[in-house]
Amino acid sequence: MLAAETSVEYYLILGLVILAFCSLNLVALTLARRFLPSRPLTQARLTAAECPHVLVQLPLFNEGELVERILDAVMTLDWPRDRLEIQVLDDSIDGSLAISQRAVAALKQQGVRVELLHRVQRTAFKAGALAAGLERSEAPFVAIFDADFIPPSDFLQRTVGALVANPDLAYVQTRWGHLNRDESLLTRIQARLLDSHFGVEQEARWRLGLPLPFNGTCGLWRRAAIYEAGGWDGDTLTEDLDLSLRANLAGWRSGFMGDLVVPGSLPTSARAWRVQQFRWTKGFVQCFIKLTPMVWRSRRLPVWQKLMISFQIGQPLAFVVGVACLIMGLPFMAGAVVAGEGLSRVAFITSFLGFAAPIGFLAMAGHREGWRLTATEILGALALTSGLLLSNARGGLEALLGHRTEFVRTPKARDSKSARTPIWRSGILELGAGLALLGFALVEQPFAVLYLAMLIGGLVGMGTMQMIDGWTPARPATIRN
């Protein structure tokens, strides 16, 4: 029995150490963003005669009314019409295809070079659609936009200019903006998280000279880099991260334009956000399994970059490790097992870093309308991210076990399909786990409630919000791929 207890304590310490290093990774990125000088990206000024051919790809799936909006935005791009191709890659199965057909037909009558591609078999999902479209064009540069973004008119002038001026760049990633940031507390929290990703993480990686993950939309690719990296691959749920890292391993660099903002819409329901985060988490872990061996075999990358890249794509594993640590820690909370001095110290350090690191990371994204709103967004982000613990841990575990699932686009917020989802499939698990954890702590160790408050609050909050989504009548929504 004593040996078993020692083994549990050993593995618990190991798990906490892993979580501590994940927090230190955030600290490193935050410090790099704060203290390293900004890094300008050279851009060529192109005359109309110098503008190369550009292909704009619009991957769509059941996007409905967003089809016309994204096409209107693309038509405002400041680029010679005879050197602009547009591909509507619409694999819709809900009637949205008819809208795309009408919109494309109308543009063709105006002389626009636009093509509609519809696949009956969604092989490789979004990656497959992008690859199929690429085969039908010879344009040297490819811009990609999801349906719920609105690119500014100077997007191509600036991004193409960057790739022309920097022949070793595979692609340029721009920053996401938020059309519906102030719609609710949920959208403000998501905006804070994404602002931290782009304004802190992406910017820090750019300043450090690290590979930048492509975010799937609002970027411009060099066609040659796509092919040299092996092309689009649908064997992970994050085909964008996969291709961008393969391009880097093939010798290409990536660029970041944080001052070029492309506004888009945020998920407006907790259910939709959870689905999105599950897919991203599972996809990242799939890329971790697929690409980490390639990263460490690379002779071009220094060791410190290999470590940073490994933490980048392996960060979502913190959810799996977190659940394991929570389960292993229950006997210690209940007093059934007495923690050693080493475990107590490691638990304290990990807990401190677990709060301090993300707070600093989120705060670096900037202040909006005073410190109270900033504090609300940061605390809300910590709580709701904790509320994703079970769902994201399942995504990471499925990836580790090699369990394949279909690419599920982020569902429309509170649409009819989401509204009919059985309540036991959306929200009840998080709510039940949060209340069970609260009850356990109150009975066994009331003081632990303070320690577990963020996790309990996040689980109960996410569960409650998802259940409310199920009771709310269907309404139109525009959200991210």
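The centres of domain 1 and domain 2, taken over C-alpha atoms, are separated by 30 Å. The contact between the two draws 47 residues from domain 1 and 38 residues from domain 2, contact meaning heavy atoms within 4.5 Å. The structure is a predicted model, in which local features need pLDDT of at least 70 and side-chain atom pairs count only at pLDDT 80 or more, while totals for chains, interfaces and linings use all residues. Residues are numbered from 1 along each chain as its sequence is written, and side-chain values use heavy atoms, with hydrogens and water left out.

Domain 1 consists of 2-34 + 318-406 + 420-470, and domain 2 of 54-313; these bounds come from an automatic or database domain assignment. Between them, domain 1 and domain 2 bury about 3700 Å², of which 63% lies on carbon and sulfur atoms. Buried area here is the accessible area (1.4 Å probe) that two parts lose on being put together, summed over both. Three salt bridges are found across the interface of domain 1 and domain 2, a salt bridge being a side-chain nitrogen of Lys or Arg within 4 Å of a carboxyl oxygen of Asp or Glu. A salt bridge is also formed by Glu-398 and Lys-282, with the closest N and O atoms 2.8 Å apart.

The unreviewed UniProt entry annotates residues 12-32, 317-340, 346-365, 423-443 and 449-468 as "transmembrane region". Such positions are given in the numbering used here, feature names are shortened, and annotations may be inferred rather than shown by experiment. Residues 317-340 are 75% helix and 0% strand, with the end C-alpha atoms 26 Å apart. For residues 449-468 the values are 100% helix and 0% strand, and the end C-alpha atoms are 26 Å apart. Helices (H or I, at least four residues) and strands (E, at least two) are DSSP runs, numbered from the N terminus.

Strand β5 (residues 169-178) is mostly covered, with nine of its 10 residues buried. Buried means under 20% relative accessible area, exposed over 50%, and partly exposed in between (1.4 Å probe, protein chains only). β5 runs parallel to strand β7 (residues 253-264), to which nine bridges join it; Gly-177 has Pro-263 in β7 as its bridge partner. With strand β6 (residues 219-222), β5 pairs in the antiparallel sense over three bridges, and Gln-173 has Gly-219 in β6 as its bridge partner. Two strands pair if DSSP finds at least two bridges between them.

Helix α10 (residues 303-314) contains Gln-305. Gln-305 counts as buried because its relative accessibility is 11%. Apart from neighbours within four places in sequence, Gln-305 is in contact with Gly-209, Leu-210 and Pro-211.
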